Amino acid sequence: MFTIRTALPGASRRRTPFRPLPFLLLLASLGPLSAVQPARAQTGRAQITVLEYEGSACRAHAARSGRSSKGWYCFRGVVRHPAGVAEVLVQGEPAALRTDETGATHFTALPAMRDEGGDIAVVVRASNGELSEGGYRLTPAAPNPAYPDLQQFSLTNLRPRLLGAGDDRYVPPPLPSGVAVSAPPTAAQAAAAQGRPPAAVAAAPGTGAPAGVVADSAGAAVVVAAAAAVIEDPASRYIQIQEPREWSGVGTRGITVPGRRSVRVIGYASHPEGVESVLVDGRSAAIRQENGGSYRFVGYVPADSMSREVVVMVRGRTGNPVIGRYQLNATPAAQSFASREEPWSAEAGFRGKRWAVVVGISAYQDTAIKALQYADDDARAIYDFLRSPAAGGGGFDEANIKLLLNEQATYAEVRAALYSYLRQATDEDQVFIYFAGHGAPDPARLSDLYLLTYDTRADQVPATGFPMRDVDRAVGELYARHVVLITDACHSGGITTQFASRGGENNINDIFLQQLSSTTGGLAVFTASGASQLSLEDAKWGGGHGVFTHYLLEALRGAADDDGDEIVTLSEMMHYTVERVRRETQNSQIPSIGDRTYDQFLPMSIVLNPQELAAHQATAQAAPVAVAQAAAATAAPGGGRLAPALADSLARAREAVTLFPSSAQYRSRLARVLLRAELRDEALQAFHEAVRLDGGSAEFRADLAIALRDGGDAEGSLPHFAEALRLEPQNGHYHHEYGGALLALERVEDALGAYRRAVRLDAGSPAYHASMGEALRRSGRTRDAVAALRTAVQLDGESPVYHRELAVSLLNDGQLAEAVQEMQGAIRADSANAAYHVDLAGMLRSLGDAGAARAAMGRAVRLDSANAEHRSVLAEMLDGSGMQYEAILEMRAAVRLDSASARYRFQYGTLLSRSNQGDNALAELRAAVRLAPEEAAYRNGLGLALRAANRPADALAELIQATRLEPSTAKFQFDLAMLYTEAGQHGDALAALEQASRLEPENREYTTALREARRRVPR
């Protein structure tokens, strides 16, 4: 039984939330699953969910029904039936029905009810004619001191056996997101603690089957019977935690850990319907099936200010999930460790060893396999770094690193390294694996992937290459606590043109991420590029490296140390590398982070100061490749960091200007190098000097104009563009760039003229058509913009930018379906750009395809997991689709990424409040108000949450402040009036309702409440 507040004679009729009993939740069961008999397809009994009283819905239905304001009880709920619901009768009267997008039927009825309560009969008629009957009993309950003027009732489900019966064809939908499922804690936990079988769940009155009550996502009480899976006491029966020890056993305790560290969660999970997956704090855990059918799982939970509760969810192949909840508190930590060496010290708890296998192959035995330039140098640089003090703990022990270069990296040696050498690692150890070289699919079976070892034959890849599935197996069988696997194996033309044409695009990194299983403790998989992208290498990166490894090393040497604690973590290393490679290659190569279980705070390196760096350089025994590069990176103009190749180019350009001071050409070259080095002021000075030395050169004038425009001085660029065009009026490029400056100044018509001249001079340039389309769109000529952008796409269908611009113009023109198609074309051209998936999600949402929009937004989050706004939008979509638990997890991640955002804290707090997490919700809502004290909506939201928490005085203060900040918002006035009514301040309530009705005179809820308030306060 549970408490319901109703609208009865003499009671104030307003929206009031349920107050469930302390044990919160019970799941009803019909007994063993084997007893349930299969039914015909599209048949079965209805599943009824009883909802809380909701003022506006009930009053609206009463008005439509012509009911008076006395003598009725508002009975609301949701019905699901596999064949659809045709009619719901409550006490013999048809209820008002509404079907939502999920197929659930919402009903509202107003049965007559006396103060002493009574029984309510419910009959559900399905579309196929089948009938399901239910009964509920209302009995008076003790009054709530917080609401003395409301009649309290308890509700009992009288016929749970007849509602919600499941079978092997019709499975009732999962319980609402965020719901914990457990048997009554007293009997079951006591039995488990004493080693006895769990006691039977108490039967519902009048039946031999147990009744159940859960709490839905809005905090409402829900009657549920006969779910598809019998789930009892998950914390002790279906989920057994081994680590942390405080979470093992029946009576778990909360733990407190230092902030900015991870907590490893290890345990065993089972499910009545078989284990599909295990989520630890919303992230897929690594799982491995054990003897007996249970699954061992390992997950990592970041410890930060948001870590108050860890949820372990076991999803079955069918039926409801099993959920366990465990308390976690993180102490504030300005620095992760007391010293840079602590992460690898025994005092800090690290008792293991660190192992590494490093492979780099540039030259292959078979000359049909194209040689690479720098793969072996990349591997050597990684090896040097691992042996250096910068790797922390004094570096990896040389005896624990296996380095295989070129001819050493045969199939047999690589296999021995993975299957024999690394098997020495124990459960406390860490393993680092790095591979640089070629990768390729089997030309006959593109899903079979291979790393090309030194002795691989181009005409027999399946027989002589190293299968990715063997890498998968080798990693899965390691016992190491942490495994970091880094691959740079996506170079173009690895075998022959014949194979390349048969194999199509080389997606080896992308498919590798999808295929690699997560069967070890912690596995971080980091690849050099995404699907259909090449891994680039050049002398300009570090004197000769792949761009991926160059920035990976730069990250490890300290550039990724975002928080300044002089320790680079795994997460810092990967995200820095992704962003720098993305920027350097202009999105043509974007490294991929595998969606696997790993410790994001795993320490990877320490930041050496110049003295430590010099000392190491003096004492290093091996060739100091990594050390020399680190020293060069620190010696950059202006105290910044420049890559050695760029620093060398800059030095040569300066030398040329010194030798030939009167050469405008050398000044211009120096200016371009300075722009690459992001020394914009010095570059502009050099461009000005070039123009001064040769004022008759249109090229130098145009270069100066473009630099000024891109630097934010579009107005200053115009005279130089004009002079360049005077000197070369037939140069389409100059007209196009001039149009860009005019557009930046909002001179749209003038920009259109420049773009049209550019198109006339070179009609085959897709960029010119695209720019003209953008200007036309901004001028409001949407149809003309669409035509221009279609031409750009026809000229260059591989450009994702043109597809996107066309999609935006089609959207503005109301051609929504066509806009979606073009946005999908942009994604086909560049599937790794998260912004494109965000745009597609928005368009699909406008089209009404909520599921596809949610999926697109999910892909955007996976591609750019550090973008808090993307996670916030995904959370909103999930919440709108009824997936509140998943929405909470996404908002928690958004807040972790940007805890200073009041909007994120408010959105998170609102979700928590609706899922009955009162204390956590209040903390987040208070944080939002603290960050944005002048935001009335945040004050109002906090006030409503305080009202639900039975803190009327605090709630009143916040709601009053909301109306002071925004007195013209009717809802704020109405919410304040409802609280005044509950407090018995009817005069104040009347004044607030009068204000709300003046602001929104057409709102029937406000006017109805106003009439009632006037009756309570006679004039």
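This briefing describes the fold and selected local features of one protein model.

The model is predicted: local features need pLDDT of at least 70, side-chain atom pairs count only at pLDDT 80 or more, and totals for chains, interfaces and linings use all residues. Residues are numbered from 1 along each chain as its sequence is written, and side-chain values use heavy atoms, with hydrogens and water left out.

The protein contains 35 helices and 34 strands; helices (H or I, at least four residues) and strands (E, at least two) are DSSP runs, numbered from the N terminus.

**Overall composition**

- Of the 1019 residues in the protein, 54% are buried, where buried means under 20% relative accessible area, exposed over 50%, and partly exposed in between (1.4 Å probe, protein chains only).
- The protein exposes about 42700 Å², and carbon and sulfur atoms supply 49% of this area; accessible areas come from the Shrake-Rupley method with a 1.4 Å probe, and for residues only the protein chains shown count as cover.
- Among contacts between residues at least 6 apart in sequence, 65% join residues at least 24 apart, a contact being heavy atoms within 4.5 Å.

- Six strands form an open sheet in the order β23-β22-β24-β28-β29-β33, with mixed pairing; two strands pair if DSSP finds at least two bridges between them.
- Strands β23 and β33 (592-593) stand at the edges with a single partner strand each, so one side of each has no neighbour in the sheet.
- Strands β24 (residues 430-436) and β28 (residues 482-488) run parallel and are joined by seven bridges.
- Within this pair, F432 stands opposite V484 in β28.
- Helix α10 packs on the sheet and touches β24, β28 and β29 (523-527), its direction making about 140 degrees with that of β28.
- Helix α5 lies across β22 (354-360), β23 and β24, and runs at about 165 degrees to β23; axes are lines fitted to C-alpha atoms, for helices over the stretch in contact, and angles run from 0 to 180 degrees between N-to-C directions.

**Packing of α4 against α10**

- The axes of helix α4 (residues 375-387) and helix α10 (residues 547-559) come within 10 Å and cross at roughly 10 degrees.
- Helices α4 and α10 are therefore roughly parallel to each other; angles under 35 degrees count as roughly parallel, over 145 as roughly antiparallel, 65 to 115 as roughly perpendicular and the rest as oblique.
- On the α4 side, D378, A381, I382 and F385 meet T549, L552, L553, L556 and R557 of α10.
- By class, this contact of α4 with α10 has six nonpolar, one polar and two charged residues; Ala, Val, Leu, Ile, Met, Phe, Trp, Tyr, Cys and Pro count as nonpolar, Asp, Glu, Lys and Arg as charged, and the others, Gly among them, as polar.

- Four strands form an open sheet in the order β13-β15-β19-β18, with antiparallel pairing.
- Its edge strands are β13 (239-243) and β18 (286-289), each of which pairs on one side only.
- On average, neighbouring strands of this sheet are turned by 25 degrees against each other, direction ignored.
- Strand β13 pairs with strand β15 (residues 261-269) in the antiparallel sense over four bridges, and E243 stands opposite I266 in β15.
- E243 is also joined to P244 by a cis peptide bond, with omega about 0 degrees.
- P244 is placed in the loop between β13 and β14 (255-258).

**Pairings of β4**

- Strand β4 (residues 85-90) and strand β8 (residues 118-126) run antiparallel and are joined by five bridges, with V124 in β8 as the bridge partner of V88.
- Strand β4 also pairs with strand β5 (residues 93-94) in the antiparallel sense, over two bridges, and L89 stands opposite P94 in β5.
- Strands β4 and β5 form a hairpin with two residues between them, and Q91 in the turn has a positive phi of about 55 degrees.

**Individual residues**

- N406, in the loop between β23 (401-405) and α5 (411-419), has a positive phi of about 50 degrees although it is not a glycine.
- N406 is buried, at a relative accessible area of 14%.
- N950, in the loop between α31 (936-948) and α32 (952-965), has a positive phi of about 60 degrees and is likewise not a glycine.
- N950 counts as partly exposed, at 24% relative accessibility.
- Q665 lies in helix α15 (residues 664-676) and is partly exposed, with a relative accessible area of 32%.
- Q665 and L693 are 28 residues apart in sequence, with a C-alpha to C-alpha distance of 9.2 Å in space.
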